[in-house]
Amino acid sequence: MKTPASILAGAIVGLGFGNPLPANTPIGEKENCLEKAIRKSYLFVAGIALLSQLGAIMHATVAVNKLTECVGIGKAESVWHLIQRDFDLSWSGTNAFFVVGMLAYSYIIGVRSYFIAGRGTLGQGVAALAGSSLMFMLGIVNRGVAAGSGDGQNYGKTVLSLFTHYGSLILYKNTHLKTMRPLEIGSIVLFIYALVQGVRAVLQSACEKEKSE
């Protein structure tokens with residue numbers, strides 16, 4: 001998982017941060033509220049995409065290191081059972097972060113394509129293409145989550161089950177003194193703050209009247 005996450009992270013840097021969205025719109029046209037909101041959300045979602053891939057890389061790297069270093073790891077019936085027993089947090093975290101980053105990446109591709117195409121019919125077409133790809137990838141992930149170990153054990157039926165499983169593990173470990181980690185708690189608080197501020201910024205600026213009006 002480290003390799004595809006690293007490739008996507010490199011692509012996101014160039015697409016999301018190296019090249020700003022086209023600022024001009026066709027003469028005589030103004031962006032509607034939805035288009036303004038989408039434009040404002042672009043950088044925020046690009047940040048989510050990049051940082052999610054970095055989170056996946058970190059989880060995967062630490063898991064591989066511990067698998068190499070630890071001497072007390074006993075035998076398991078299968079790789080799935082080993083993961084569930086000793087690496088559940090790392091495994092679910094790697095997949096959750098990777099999927100979030102992938103979805104966010106698809107979003108910024110759709111948004112960039114829409115504005116580069118000059119909005120209108122062509123812009124809607126290329127944005128719909130990105131949306132189609134996003135939905136298809138979600139379907140692939142859902143099938144993988146539902147399949148699980150192949151013997152009836154899985155996280156659930158959809159990718160939401162993967163997210164809730166990872167979230168419940170993080171909350172459980174940070175609500176018990178023996179497994180509590182201050183940095184993880186601080187990270188959760190900052191994430192909630194960032195999400196609230198990002199949404200507020202998008203909503204507040206989306207329908208602001210032009211200064212010239």
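**View 1. Lining of the second largest pocket.** Fourteen residues line the second largest pocket, and A60, A63, V64, I83 and W91 are those nearest its centre. The structure shown is a predicted model. At least two lining residues of this pocket come from each of α2, α3 (79–86) and α4. By class, the lining of the second largest pocket consists of ten nonpolar residues, three polar residues and one charged residue. The space in the second largest pocket is about 290 Å³.

**View 2. Lining of the largest pocket.** The largest pocket holds about 1,400 Å³ of space. Its lining is made up of 36 residues, with H59, F97, Y166, I170 and S187 nearest the centre. Helices α2 (33–69), α4 (88–116), α6 (159–173) and α7 (182–206) are the elements that contribute two or more residues to this lining. The highest contribution to the lining of the largest pocket is that of α2, at ten residues. Nonpolar residues number 22 in the lining of the largest pocket, alongside eight polar and six charged residues.

**View 3. Surroundings of E35.** E35 belongs to helix α2. With a relative accessible area of 7%, E35 falls under the 20% cut-off and therefore counts as buried. A polar contact of 2.4 Å joins the side chain of E35 to the side chain of Y114. Leaving aside residues up to four places away in sequence, E35 touches K30, Y114, F115 and R119.

Terms used: Residues numbered from 1 in each chain as written. Predicted model: local features only at pLDDT ≥ 70, side-chain atom pairs only at ≥ 80, totals over all residues. Heavy atoms only, no water. 1 Å grid on protein atoms, 1.4 Å probe; cavity = no way out; pocket = protein on both sides within 12 Å on 5 of 7 lines; lining within 4 Å. Points joined across faces, edges and corners; volume = space filled by probe spheres on them. Helix = DSSP H or I, 4+ residues; strand = E, 2+ residues; numbered from the N terminus. Nonpolar A, V, L, I, M, F, W, Y, C, P; charged D, E, K, R; others polar. Buried < 20%, exposed > 50% of the residue type's maximum accessible area, 1.4 Å probe, protein only. Polar contact = N/O pair within 3.5 Å; in protein donor to acceptor, adjacent residues only side chain to side chain. Contact = heavy atoms within 4.5 Å.
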